[in-house]
Amino acid sequence: MSEGKKITWINTLKAIGIVLVVIGHNDTIFTEYIYSFHMPLFFLLSGITYNGEKWSGNPGAFVKRKAKGLLKPYFFYAFILYLIWIPLSLLQGKEITIEILLRNLFGIFYSQGGHKYMDWGIPIWFLTCLFLVSIIYYYINKYNRKSIIIILVITAILGKLSSYLPVRLPWSLDSALTGIVFYGIGNLFKEKIISYKPNKKTIAIAIVLIILGITFSELNGRVDVYGNNFNNIIFYYISSLSSIIVLIFIAKILPYNNIIEFLGINTLPILVFHIRAIQMIKFIDIKILKLNINYNSILFGGIIIPIIQISIIYYGIIIFRKIKTKRFFKINNTLN
C-alpha cells in the first residue's frame, strides 16, 4: 500500500461513526443503542485531534481557525438546506406559511429548537455545538491534568443539571457541557489511544465492553445529546465510553478500503444531506413508485436505505467537484 493511499484509523472511525449516524436517524431497533454513543464519539474524536500546544497563547488564531472550520460550513450548508427544504416540503404537501418560513430562518442563527426552528436540517446542530465545545475546552486546557479532570467531572454534573432548564440554549450550549467531557477525555488520553495496538486480549476486552455498552444503554433508555436528555448520567457515560472504545478497536484493525476512505473524509456532507436524501427517497417511493417501504425495518432502515442515502450524497459530491464550486467557496468536508 502506497503512502498516498494509507488510511488512518481516525478516518476509519469517522466513517464508522457517520454510517451509524445515518442508520440511527432511520429509527430502527438499533437507534436507541446508536444514540447512546454516536455524537459522543465525534466529540471524543475532535478532542483527540486537538493540538493544545500549537494554539497555546494564541486564542484569537484558534477561534478564527474553528470559525473557519465549523461556523463557515454551518452557515453555508444551513442556507442551502433551508432553500432545499422549502420546495421539498411543498412537494410533500406540508403547509409552509410566512410564519413557518421566518421561524425556520431564525433557526439558522438560533441553531436549536428541533423541528420548530430547524425543520430544514436538525443534524447540523453539531457544528455550532462543537464550536462552543472547542472554544471552552481551549481555556480548560490551560490547567494541569488533575485540575482538568476535576473540571470535566463538574462539567458532566452541570451538563446533567442543564437538562432541567425550561428553555434550550442557543447553539446547544447546554448540550455542549456534556460534549466537553468527551472532548476532554479524547484529548487527555490521546497518546494512549493513538499508541494502543490491538492484540489477542483486545477481543476479550471488546466482548466485555460490548456487553457493558448494550446493557447500560438498555437500562438507561433512549437518550439524545441534541435534546440534552441523558437519563441516568452514570449509565450514560458507561454505555457511551464502552461502545466508543470498542469502535476504536475495530477502526484500528480494519484494513484500507476506498469506500471507508471516502466516508471518513466526507463526514460533513453526509451529516448535512442524509436527511434530505431519505426525504427524496420517500417522495419517490410514496408519490411515484408507491412501494410503501418499511423504513424502520432492519433490512431497509438499517441496510438498504442507508446505502442509497450515502450513494446519493456520493454522486452529489462528485458533481459538486466537477463544477468546481470550491473555487469560490472552499468548505472542509470532514467533522473535526
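Predicted model: local features only at pLDDT ≥ 70, side-chain atom pairs only at ≥ 80, totals over all residues.

Modeller: Residues are numbered from 1 along each chain as its sequence is written, and side-chain values use heavy atoms, with hydrogens and water left out.

First, the terms. A pocket is an open set of points on a 1 Å grid over the protein atoms alone, where a 1.4 Å probe fits, with protein on both sides within 12 Å along at least five of seven lines. Lining residues have an atom within 4 Å of a point. Helices are DSSP runs (H or I, at least four residues), numbered from the N terminus.

The largest pocket holds about 680 Å³ of space, where the volume is the space filled by probe spheres set on the points, joined across faces, edges and corners. Its lining has 30 residues. His25, Tyr35, His115, Ile122 and Ile275 lie nearest the centre. The elements that give two or more residues to this lining are α1 (9-24), α3 (38-49), α7 (114-118) and α15 (267-289). By type, the lining divides into 14 nonpolar, nine polar and seven charged residues. Here Ala, Val, Leu, Ile, Met, Phe, Trp, Tyr, Cys and Pro count as nonpolar, Asp, Glu, Lys and Arg as charged, and the others, Gly among them, as polar.

Next, the loop between α1 and α2 (31-35), where Thr28 lies. Thr28 is buried at 8% relative accessible area; buried means under 20%, exposed over 50%, partly exposed in between (1.4 Å probe, protein chains only). Thr28 touches Ile23, Tyr295, Asn296, Ser297, Gly301 and Gly302, leaving out residues up to four places away in sequence. Contact means heavy atoms within 4.5 Å. Thr28 and Gly301 are 273 residues apart in sequence, yet 6.1 Å apart in space, C-alpha to C-alpha. Asp27 sits in the loop between α1 and α2 as well. Asp27 is partly exposed, at 43%. Its phi is near 55 degrees, a positive value in a residue other than glycine.

Now the core. A nonpolar core is a set of buried Ala, Val, Leu, Ile, Met, Phe, Trp, Tyr and Cys residues joined through side-chain atoms within 4.5 Å. The largest one has 84 residues, and Phe43, Trp120, Ile124 and Trp125 have the most contacts inside it. Helix α8 (residues 125-140) gives the most to this core, twelve residues. Beyond residues up to four places away in sequence, Trp120 touches Tyr74, Ala78, Leu81, Tyr82, Trp85, Asn104, Gly107, Ile108 and Arg276. Tyr137 is in helix α8 and is buried, with a relative accessible area of 0%.

Last, charge pairs. A salt bridge is a side-chain nitrogen of Lys or Arg within 4 Å of a carboxyl oxygen of Asp or Glu. By this rule there are two salt bridges. Arg103 pairs with Glu99, the closest N and O atoms being 2.7 Å apart. Both lie in helix α6 (residues 98-110), four residues apart, about one turn of the helix. Arg168 pairs with Asp174 at 2.8 Å, N to O. Arg168 is partly exposed at 22%, whereas Asp174 is buried at 1%.
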